[in-house]
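Me: Could you walk me through how two copies of a chain sit together? I'm new to this, so please go step by step.

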Protein chains: 12
Amino acid sequence: MRILVIHGPNLNLLGRREPEIYGRESLEEINEMLRRKAEELGVELRIIQSNYEGEIVTAIGEAMDWADGIIINPAAYTHTSVAIRDALAAAGLPAIEVHISNIFKREPFRHHSYISPVVDGVITGLGGYGYVLALEALVRRLSDKT
Amino acid sequence: MRILVIHGPNLNLLGRREPEIYGRESLEEINEMLRRKAEELGVELRIIQSNYEGEIVTAIGEAMDWADGIIINPAAYTHTSVAIRDALAAAGLPAIEVHISNIFKREPFRHHSYISPVVDGVITGLGGYGYVLALEALVRRLSDKT
Amino acid sequence: MRILVIHGPNLNLLGRREPEIYGRESLEEINEMLRRKAEELGVELRIIQSNYEGEIVTAIGEAMDWADGIIINPAAYTHTSVAIRDALAAAGLPAIEVHISNIFKREPFRHHSYISPVVDGVITGLGGYGYVLALEALVRRLSDKT
Amino acid sequence: MRILVIHGPNLNLLGRREPEIYGRESLEEINEMLRRKAEELGVELRIIQSNYEGEIVTAIGEAMDWADGIIINPAAYTHTSVAIRDALAAAGLPAIEVHISNIFKREPFRHHSYISPVVDGVITGLGGYGYVLALEALVRRLSDKT
Amino acid sequence: MRILVIHGPNLNLLGRREPEIYGRESLEEINEMLRRKAEELGVELRIIQSNYEGEIVTAIGEAMDWADGIIINPAAYTHTSVAIRDALAAAGLPAIEVHISNIFKREPFRHHSYISPVVDGVITGLGGYGYVLALEALVRRLSDKT
Amino acid sequence: MRILVIHGPNLNLLGRREPEIYGRESLEEINEMLRRKAEELGVELRIIQSNYEGEIVTAIGEAMDWADGIIINPAAYTHTSVAIRDALAAAGLPAIEVHISNIFKREPFRHHSYISPVVDGVITGLGGYGYVLALEALVRRLSDKT
Amino acid sequence: MRILVIHGPNLNLLGRREPEIYGRESLEEINEMLRRKAEELGVELRIIQSNYEGEIVTAIGEAMDWADGIIINPAAYTHTSVAIRDALAAAGLPAIEVHISNIFKREPFRHHSYISPVVDGVITGLGGYGYVLALEALVRRLSDKT
Amino acid sequence: MRILVIHGPNLNLLGRREPEIYGRESLEEINEMLRRKAEELGVELRIIQSNYEGEIVTAIGEAMDWADGIIINPAAYTHTSVAIRDALAAAGLPAIEVHISNIFKREPFRHHSYISPVVDGVITGLGGYGYVLALEALVRRLSDKT
Amino acid sequence: MRILVIHGPNLNLLGRREPEIYGRESLEEINEMLRRKAEELGVELRIIQSNYEGEIVTAIGEAMDWADGIIINPAAYTHTSVAIRDALAAAGLPAIEVHISNIFKREPFRHHSYISPVVDGVITGLGGYGYVLALEALVRRLSDKT
Amino acid sequence: MRILVIHGPNLNLLGRREPEIYGRESLEEINEMLRRKAEELGVELRIIQSNYEGEIVTAIGEAMDWADGIIINPAAYTHTSVAIRDALAAAGLPAIEVHISNIFKREPFRHHSYISPVVDGVITGLGGYGYVLALEALVRRLSDKT
Amino acid sequence: MRILVIHGPNLNLLGRREPEIYGRESLEEINEMLRRKAEELGVELRIIQSNYEGEIVTAIGEAMDWADGIIINPAAYTHTSVAIRDALAAAGLPAIEVHISNIFKREPFRHHSYISPVVDGVITGLGGYGYVLALEALVRRLSDKT
Amino acid sequence: MRILVIHGPNLNLLGRREPEIYGRESLEEINEMLRRKAEELGVELRIIQSNYEGEIVTAIGEAMDWADGIIINPAAYTHTSVAIRDALAAAGLPAIEVHISNIFKREPFRHHSYISPVVDGVITGLGGYGYVLALEALVRRLSDKT
């Protein structure tokens, strides 16, 4: 079982960036936690972070050829990217959307996600741990299918 | 650690109700799964289901006196109940909102939640298993605080 | 053939309540007229009136086990209750929505019904007689199916 | 008692036109059913079908001089014709609006009717039988007035 | 100087139609008053009334070949007809829009006119006399151009 | 002179609930203050608190038979309950709406009240003392009528 | 017969101000034309121009004591002044609103008038001559009443 | 304790102005009632009425130097004046907004107040007596602070 | 292969009508170009132009009995006619919508088409030549189906 | 080169008024800074502050006769005054709009300016120094034109 | 004659991606068809596909130096990219927008194109063949200009 | 003192691109002017231009490590990029937004900026010189902080 994990724009700044909103964990710490859980569950992860919408689109398109599922935190592109939405719909893989902060407590434009209608589920506001829950859920879903 | 689990209106019909949307698990099966996980985590659960907005409001208000956290699937009241929102804000307990189906794939009026801005996190579209993830996350959050 | 008739909030006040809008017939008179028509058509009616959204939701859920169809005047809940809508969709029974007054002549917020998209038909503005027409139509529809 | 029945645009295609929405009854079959009911009730019907908004407006204006009431299915003009609304308001005759399909299950632009606020009642989603119910209700209303 | 006067749908009913809104003057009386004023000003009038949007469009298109100006009361088509707007823009003749009642005192959908942005001026709420004022203004405008 | 005082959902938590918004007075203290003022004015009060929309609707309907006026703080139901609005309109009694906090300083959805258009007056943002002012005003109004 | 004529803000600049929109007539020329027509009709005019909303409100309020009717070009205040609207409604005098340019050809915010719903009629886009037409119409209306 | 009372535009016409909306009390009668209450409470009032937004803004700004609180009925400026809102926010004095009529029963544009979010409380629909209640509440608030 | 070509309202004026928007080709020249292309492709055309919405609706309904496809420039009715939309949906024939000018460069109300969602494709802004492209595309589509 | 500087309502309170938003500089200090810069640039300033919309309109109209450019901070009138917009458009002088605070960080109604579309440029959020930048830019623009 | 053809994000997946929406043709097959038509018409094509908004912007900017026209299918960027719109406006070259699927049959957010107002024409819903039609139209347009 | 200057998409085309909107200065000329001013003020500039949203996001993130402030003209991304907004908020550096043209005179979608609420100030419509003013203001602000 192979899973693509995508971190969207500015997530490379985690830990340094507005910690009252995003917490103090760095992206590397989250990835570490994810890799431990993946090992525990016996799945293979490929993790990317990109500030480029186009690079994320490309990665999703390529995942059609190798991955079994996708975990994506589209960050700012959540609210503006039809291209990432289309890539996910095109890929047709099971996918879970993650947000570190509770976007529903923030500005109104953050309450709308172009991505949510094309993924299986969404986990919001549970910090870096949300990724771990997403991995559990995705693996469970993929196992159910088999 | 004591946690209140609230199932909103019509969730008593789970398994029989539009299974293409809500799946085939009954509410009892979900509760069973939750109780097993609670035992594993060493926490005490009190589970209620109600079709009455007023009864849910009352239960949340009373939880101020005994519970450490709340897991709530407000179902239809997600989109219409300021009273439940106010109860959660009044109680001030850590809380996680759960939806069995992916509400963002459904009618536009289901995309708005009065509840999300007053809870810590939201788990959507991951079926009955979403409750289990919520329990894990809530226990982790409560442990962190201690 | 067994049919559940539901009168929503404030309909207990019919005849006394703003008669220039709702007419001078009492709820009891309407029920009497309905029972006579039911007898004539050879169907069994169970009639309830409730001011509680939760009680109406519960009655609809229970109807899954005994009724063949539903006639509902959701009154004020027409415009605010996703829970009743969900109950009707969950029950999956043939159903007709009735309004005594012509809601399209009234305040704009009364022009939208959460209920109409999940019932078979809607009869509006024809007074208490609208229930009788609904009964005729529902019996006809149920007979056609058989 | 003389009643004008108006079928709006495209209703001449009934039975052939999107039968999953409009059913398989032809307009002629509906008219036949209406005429039988009219005979039973002892009222005289004049039935027209027109694709022209202007022709419908004219027919309603002329009805001031001979008819006691109007049954109208404005079809597509329901959502776009202020002229038909104005004609009905000008005529000032008792009138009932009929829709064969449940317009509230369809595209949002079909949820608004320019006609409903100027008629006495509306019957929606009950197929061709909706006209028969409208006739019953209209005759009852006209008899009450006498 | 030749001027086309167009009366839109339902204006044939003037005097009989909701006189508390439209007054008690018949269309014939208004036309008589207009003809007298035209004679006084030495201009030729052609007056039509139509309930058909298409007929009004055609009349405007033909006016390109004979008329010097247009006075139009589009009545209900004011609010719904892009076709009449396009005809007026295509004809490119000086034109004045007239409304007998004050449409700004009425339902919100009557506050918007598709016609006003393509005419020279608008006279609203001054009863049948508004046509006479329009004729004066149009003749003055046409005289100024010469 | 007999007056019904209604406290809506979550008001039982007053004093404990978000005191920076609602102040530190408990509901019992407010009721005490109200009872003293009632005694001073020589009027009889019946005071209820309910979290159930249906229970509030029922209480208002019953008040038609015994009360001379109503003071209501609909709390969260202010913004969502057509049923309570309809009950107040049905009862037809003089009524004053009270809000402890200044709802216009809070979230936009709290700026709209379904209740305000059917009461005589509204007192907002003056804390528990607002009930006392409402009682004074209501008694004055009832006295004026006599 | 005594009539108050009010010219709103910036109309003192007429002739110099954006002549492609407002024409080349000065306010003095318009007033001259109005005075001639007034003399012809045997009515007395008082004409004011003010850039102050408050001054216009005051003038309308005082007109209750001496004037028989009002002609007002509220200019920019058309779109923003509830105070002038309230003054006109308070005065309760017959009134006609005039606009020199066709406001419906201009920015969308100019399409809404707070004033139009409280006057008898509106004349738009007919230049300075619109005032003369307004005077004719107002005198006719006042004569009809006598 | 010194309090500024501000009456906004057109309130000088009270008693003569649309009495079915504003009642038959004159402004002088209201001021008299206020002065008596002020004497009873031992506070000093300065009362102004102005039709000029700018004059009201100036008065509020000057109140920073002498007043302890403000009672304001902004009348029409309620719905249009950011300048008065800013003045009140700048002054930072305790303030109560009063409306004589119930603005929530009237046109939709009267339902929004620019002023309410910057005052302590609002009293609506209780006639001239609303000012007296405001004075009581303001004095109580100021006393509590001392 | 037989194809119906429909030109909507005012298209008879092409060449004379606002040539800076619609170009200088007359309708006859466009039809000539179309007929040549039809001959080249071996298909039969029937071409109509109508200013009447009802006539266009009728023509589409009748096309069910003889045509294989439809090319329609609904002109002004694009933005206002649900009746034409319904006719096209009823007919169920392959259809292409053509606009001579680029409607997306024009007034916002021209950006919405009731027709586009029920046709196969849309060609906009390519002048009279757009019809020729539509014919090519339609014939290709019909050939593919065979 | 002569320049008119206009300070809108409440700006006389600068320094005392909500200093966390507007800073601690008084208006006199800003004017002093402006006058020094004007001297340095060799231009003549006339500075006014007014709380009256009408006074600002008048000042702009008069500037047509003596000024070469305008710097305006319309303060609260930014969001509500069409009259000031019209005055600026009428005057036709080069103009720059200044805001001391960053209005885009504040309430949504402060994000819209009626003034911005009729000035050359806008400087927002740079405190009192924004006026100095505006003066530099205006002088540069005026010099370029010469 | 040299023409730039741009395929936007995800179009590299054509044929594999949601074939019920986008058809089964691969991008390479479409390009082949286009190259054959280009050869037939004697024009030179440069074809790019990119998932990067910035890369598309750059390509359009560079086209100013070598191309005579542009054919662009902006795919998802149609609905979100002001940058591509600005690039097309900046380049000022004749351009045609192509969509493979009929975007007006899909989600509402796909009905709006930032691109359409800055191109000459739009071809929608005609599959890969739409590019060929665009090429014909563009070449014709460019030839007309010469 | 080190400052990052960012020019957004299409700004590389300045001087050649729609000069009636953006003027005739090339980007190089603006940069030259900026560098001269920077030298004068003794600050170090790093200037980038990019058409890639992702590249701009990356540059801002990296600026956290070396820059003291940011001047940004986000061009088209002003209206669509939450990612750049988030980067600026994450970096937390003093920043000023610049627009060459007056965006408030242009299409409505250009009136909204995602960027403005997270910068200190905005300078709009003052051409290339706006960058120089921004530099002055930024240096002043940075100096004040020290």
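Reply: Happy to! Copies are superposed by least squares on the C-alpha atoms of residues with pLDDT of at least 70 in both. Keep in mind that this is a predicted model.

Me: By what turn can chain K be laid on chain L?

Reply: Two copies of a chain are related by a rotation about an axis and a shift along it. Here the shift along the axis is 0.0 Å and the RMSD is 0.0 Å, with a turn of 120 degrees. The two copies are thus related as by a three-fold rotation axis. The turn asked for is 120 degrees.

Me: Which residue of chain K comes closest to the rotation axis?

Reply: Going by C-alpha position, the distance to the axis is 4.1 Å. The residue that comes this close is K:T80.

Me: Why do the copies meet through different surfaces?

Reply: The contact takes 18 residues from chain K and 17 residues from chain L. The surfaces differ because, of the interface residues of chain K, those that are also interface residues in chain L make up only 17%.

Me: What area is buried between chain K and chain L?

Reply: Carbon and sulfur atoms give 57% of this area. In chain K, the residues that lose the most area to chain L are K:M64, K:V82 and K:D86, together 30% of what that side buries. The total between the two chains is about 1400 Å².

Me: How many salt bridges cross the interface of chain K and chain L?

Reply: Take one pair: the side chains of K:R85 and L:E107 meet in a salt bridge, N to O, at 3.2 Å. Across the interface, the number of salt bridges is four.

Conventions
Residues are numbered from 1 along each chain as its sequence is written. Chains are lettered from A and ligands numbered from 1 in the order in which they are written. This is a predicted model: local features need pLDDT of at least 70, side-chain atom pairs count only at pLDDT 80 or more; totals for chains, interfaces and linings use all residues. Side-chain values use heavy atoms; hydrogens and water are left out. Contact means heavy atoms within 4.5 Å. Buried area is the accessible area (1.4 Å probe) that two parts lose on being put together, summed over both.
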